[in-house]
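Please look at the sequence and the structure below before reading on. The report that follows takes up a pair of helices and then some aromatic rings.

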Amino acid sequence: MENKNTNNHASVLAAEFGLQLWQAEKLIELIDEGNTIPFIARYRKEAHGSLDDQTIRKIFERLEYLRNLDTKKQEVISLIEAQGALTDEIIKSVEKAATMSEVEDIYRPFKPKRKTRASVAKEKGLEPLALKILEQDNELIPYNFAKAFINEEKDVKTEEEALKGASDIIAEIVADDANIRKRLRVVTFANAFIKTKAAKEEDSVYSMYYDFSQPVSKIQGHRVLAVNRGEKEDFLKVSVELDEKKGTNILLSTYVKNDSPSGEIVKDACLDAYSRLVFPAIEREIRNELTDRSCESAIKVFKTNLRELLMQPPVKGRVTIGLDPGYRTGCKVAVVDATGKVLDTSVIYVTHGEHQKKNAEITLKNLIKKHGVTLIAIGNGTASKETEIFTDELLRKENINAEYAVVSEAGASVYSASKLAAEEYPEYDLTLRSAVSIAHRLQDALSELVKIDPKAIGVGQYQHDMPQKELGTALEGVVEDCVNTVGVDLNTASPSLLKNVAGVTPVIAKNILAYREENGEFKSRSELKKVPKLGPKAFEQCAGFLRIPESDNILDNTAVHPESYSAASKLLTIAGYSLKKIPEGGFKELREKIEAYGIEKAANEIGIGVPTLNDIIVELMRPGRDPREEIEKVMLRSDIKDMKDLKPGMELMGTVRNVIDFGAFVDIGVHQDGLVHITEISDKFVKHPGDVLKVGEIVKVWVLKVDENKKRISLTMKAPKQ
């Protein structure tokens, strides 16, 4: 059975993801062998056709769903069989079902029910009457036939009561029909409208939805989530509305056979079933389905934004000051060296009058000169604007050769109050830890942000309306992919980085740190095998993602996996190089030489696939490469603007801070980010802002409108017509 299901799953995955059958089969095999997604994506390219980690993760998630669906099917078949009601037709229907909801629909008639009008009628012995009426015999006179079911003991006193009970039973039979529900679900999705009305006479952020209507098939995800929240906060009344004739016709055409007296009773029972049982259930399902789709889309936006944030290029080799702005408690200052070590801390007051501001200037100037600071990171929270103006004025007035950048401080307070922060910086209070974190974010966003629950970073929309478990799992997958794409320095990595390396559990991460503490720096990757609980499988999964710059073997500082060291050595020999004698300029001409020799010829001789060969060439040409360095650099500002200085038509450069369904927020150097609506991104049609914009991207924008009272800035990326 398992093998049959695996084959079925492979066929489904191949069709859904546009794969060859062998690719899907091999992926399932690799996953079932306990390989991690980063390892499969990077080191088993030949096995699956060089699919990327994001695609493999989607396939893995879909495979999990299909397997859970199989479990559900077996469970339903067993439950129906236990009732003695299982037939070959039911088995075929269950096996054919493609979704959980279809399986639930099939099981519905057999599901133990709470007390219903139909169950009460059945207890009164009226089921035979209902089934006889359902046959719709033209000769049958229901009223006369109902006389036989009058029973004072069972509280059936009249023919009318008997017929009413029978109608309730027929209504439930109709409502439990899986095919009816399936058809009505399709029709509702295609033809119904989501309609919202004001629940109370009070202005709110939901006012645009006080009289709103949009087709179910076209409503955007962010509108669904906004409507849901408005309903939850009692500002909106929400309904799904379908032309009643379209809906009831599905039931009537299926169950009403003629216009006989029995047919009339069945017709009335169908109408009752529709309004009382079926459509309310379909409405809930449609709302749930729309919410699920919207959450899935929103989670996708979160994942994309988080990936771009984590992959921001590091600003290396510079002593940096982190400023965590504040009004009442002042601006917290932390100086960190080029490796991130804390050198100094202080608190300055830039908003407490001229005397305090003068002292702040002296303190910050002295710290900059004392430690040779060339970079300043300013958190974008409360009092960020005033702190940025203060910093800019100081650098200009004192002619200090330093640059600054405003960085997102989302999650900094969560980190600073965490157990991890207390362990890392026990000598500092949590406010100063935030300043340290802000400095580290500019130096190396990935290394710092992995310390924080990715949900706390908050780069998306309607975060708290998401199913938190699914959101957490998705974002953790992004963190894992980013960490393994960049690679980790084994001798300096924090526990937070290590535990995100493929194959490294929290226990193994702890053991790596303990081994490093006891034995000093790792000298080679093979030394990892001495770490307790790091067995052969864990070594296979993690070794390629861990770097050792200090190793005598240059391959230990690349993404070349130890299993391919022999292949790398043979490759160098073909090109006339040797690992024992590395040229002064490295292996910069390696690709040129191998292409001249023949890529496929070299791969065949060495005994590896072309994708692996190409990866080895890239790594050998640039040992220790950081893929983030190929991404557009962080925008360091040396100018400042105030919201009141902005005028329509003004051209500015800005940094994309957040991408959402209806546009993107751009930091243009004033405290308030400006919104580029999706319609203002390009002259061409843009399906989703994430298709053309990324968090951290530097873009040119023009001011459309400024509303100082509402603190809103509207921007466009479409160049003004001359």
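In which crossing, left-handed or right-handed, does α27 pass α29? The crossing of α27 past α29 is right-handed, a word used when the near helix is turned clockwise from the far one by less than a right angle, whereas anticlockwise counts as left-handed.

## The model

This is a predicted model, in which local features need pLDDT of at least 70 and side-chain atom pairs count only at pLDDT 80 or more, while totals for chains, interfaces and linings use all residues. Residues are numbered from 1 along each chain as its sequence is written, and side-chain values use heavy atoms, with hydrogens and water left out.

## Two packed helices

Helix α27, residues 565-574, packs against helix α29, residues 599-606, at an angle of about 130 degrees, and their axes are 10 Å apart.

In α27, Ala-567, Lys-570, Leu-571 and Ile-574 meet Ala-602, Glu-605 and Ile-606 of α29, where contact means heavy atoms within 4.5 Å. Of the residues in this contact of α27 with α29, five are nonpolar, two are charged and none is polar.

## Aromatic rings

Nine aromatic pairs are found in a search of the whole structure, with ring centres within 6.5 Å and planes under 30 degrees apart called stacked, over 60 edge-to-face and the rest tilted. Among them, Tyr-515 and Phe-522 are stacked, at 5.1 Å centre to centre and 25 degrees between the planes, and both Tyr-515 and Phe-522 are buried, meaning under 20% relative accessible area.

Note on methods. Axes are lines fitted to C-alpha atoms, for helices over the stretch in contact, and angles run from 0 to 180 degrees between N-to-C directions. Helices (H or I, at least four residues) and strands (E, at least two) are DSSP runs, numbered from the N terminus. Ala, Val, Leu, Ile, Met, Phe, Trp, Tyr, Cys and Pro count as nonpolar, Asp, Glu, Lys and Arg as charged, and the others, Gly among them, as polar. Rings of Phe, Tyr and Trp (its six-membered ring) pair if their centres lie within 6.5 Å; planes under 30 degrees apart count as stacked, over 60 as edge-to-face and the rest as tilted. Buried means under 20% relative accessible area, exposed over 50%, partly exposed in between (1.4 Å probe, protein chains only).
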